[in-house]
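Q: Can you walk me through this one step by step? I'd like to learn how to read the features as we go.

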Amino acid sequence: MNLWQKAACAFLLVVVCAAAAANWLAPTGYAKQDREAISAEPSRAHWLGTDELGRDRFARVLYGTRISLFLAPAAALLSTLMAALIGGLSGYLGGIWAKGAMAVTDLFMSLPWLFLLITARALMPLNVSPLFSVVVTFLLLGLLGWSAAARVLCTAAGSLRSSDFVRQARASGVRGARLFWIHVLPNLKPVLFAQFWISIPVFILTEANLGVLGLGVSEPMPSWGSLLRELEGLVSIGEEPWKFASLVLLVLVVMSFQLLLARQEEIAF
Amino acid sequence: MLRNKVAGHVLALVTTVLLGGLLSATLVRLAPGFDVDEQELDPHLSAASVQALRDARSQDRNIFRFYLSYMNRLVHGDLGTSLSLSQPVRTLLRERAPTTLRLLIFGLAMAWAAALALALSAARLRLAGYDAAGTLLSGTLLCLPAAVLALLSVLWNVPGSLAIGLVVFPRVYRYARNLLAKSYAQPYIVMARAKGLGEARILFWHVLPGIAPQLLALGGVSISMAIGAAIPVEALCGLAGIGQLAWQAALARDLPLLVNITILVTLVTLLANSGADVIGQMIRGQES
């Protein structure tokens, strides 16, 4: 790990701890409105000012970070598991299974990601409870984001299938599910980890896009996407720079993931 | 080999159309208001006329006949009617396609011009500082959601195509830089330089032909990226294109319109990727 990667790791740790401790750091909560301080500037009471409904922006950023940063890995885990199941298994089985999985993956990857997501999101009601909108948004990301990872895993499992140790295991009488679970899957771990790490920043950015478009997490629950909607009404950057807090945090977090990703890719490939 | 490749791409296109058509037809059938005709509420119509209207729609109640007639209409270019805008989908797409096309062409042109210029100079100069600056710029742009770039383009009053360009630029730059760096390090390039060949001749005769198939493939992928970015850019910049139409359809849950747009966009993406792949294959064939 180089110096930049160590710094990225430390920064992510601080952000995760701050998001986890949101209840203590911002006890007012993300939805409490202060009618006396609507669209207020930063002060001792409100470190990042308040929004147009008088809600504390610092609290909203913290709670939004908690939602985006904790649920994006959950969605990444789901998509990686699906990729392992579809790509890993078909690659291990080989032949028509691998060809079929590759064809489905190719077709899936031809669908522009955001078009696919908004179509899937539109299939569900838009006027749902905030908690349900959070679950739906990240569940969709997890369920639809497996194709690229599946392709990589299919190839990796295919090369393992013809490796010496798998041939040896097969010759020793180990077959079927046992061979896959005990010998193939553990050797796919580095690729699985890399795909998991790659998916996290992708899902964070996609949630942000959906949130700005009003198709992500619904009010009053904050997420980085919904917080970025505040930038829509800005006239100039210098006017209210504190409104950019969520954007700066998002960029720094995604950048940290990208830095750590380089290390994961080194390990995996 | 090339024939197999083309056949594979044609099969993928036909499968997409068939699957998309079936999905679209299913959504039309499941959408609220299916099998209801507001003409039936007209008090001037007699019971016999109302019955005649119902009989006319009776063929759509048979699911197989419904799918057949839907696919038949699709083959003849009838994409159905938008539920939210009450206009034929084909008309809506025809009206909005030029805006999206212009946005994509300018955005892609800007992204490719900037990315190739920077990548080429980074690969040629081999200055650590210059390379680091390019990596930092592309890395920062990679961390910005397309929607934020669109909002910033509104804020700074710059065209939406620049936002598209900034979405595509970092991906093209990073890939092209790596390709060029690898290509310039090849022994035959070093030999060509040692023999005294000019830089322009090395670039156009030896470097670019070698990486053309990969760049073409990247070209196909960059079209897909630009199309994806068109939704937030058009929606937030107020551009009446297909991306904005898709966003409006999603907000209004106008599924027939949304699915038709998605299929169309998928077809364009598939065509672009297939075209790039086939041309790349032809270039490889000529080289070997």
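A: Two residues are in contact if their C-beta atoms, placed from the backbone, lie within 7 Å. Keep in mind that this is a predicted model, where local features need pLDDT of at least 70, side-chain atom pairs count only at pLDDT 80 or more, and totals for chains, interfaces and linings use all residues. Residues are numbered from 1 along each chain as its sequence is written, while chains are lettered from A and ligands numbered from 1 in the order in which they are written.

Q: How do I describe two packed helices?

A: Use the angle between their axes and the distance between the axes. Take helix H5 (residues 113-122) of chain A and helix H10 (residues 242-251) of chain B: they pack at about 20°, with axes 9 Å apart. Axes are lines fitted to C-alpha atoms, for helices over the stretch in contact, and angles run from 0 to 180 degrees between N-to-C directions. H5(A) and H10(B) are therefore roughly parallel (angles under 35 degrees; over 145 is roughly antiparallel, 65 to 115 roughly perpendicular, the rest oblique).

Q: Which residues make that contact?

A: From H5(A) come Phe115(A), Ile118(A), Arg121(A) and Ala122(A), and from H10(B) come Ala246(B), Trp247(B) and Ala250(B). By class, that's six nonpolar, no polar and one charged.

Q: How many residues of H6(B) are buried?

A: Seven of its 10, so this helix (residues 146-155) is mostly covered. Buried means 20 or more other C-beta atoms within 10 Å of a residue's own; exposed is 12 or fewer, and partly exposed is in between, with C-beta atoms placed from the backbone. Among the buried ones are Val148(B) and Leu149(B). Just after H6(B), Asn157(B) takes a positive phi of about 55°.

Q: What ipTM does the predictor give the complex?

A: An ipTM of 0.88, along with a pTM of 0.87.

Terms used. Helix = DSSP H or I, 4+ residues; strand = E, 2+ residues; numbered from the N terminus. Nonpolar A, V, L, I, M, F, W, Y, C, P; charged D, E, K, R; others polar.
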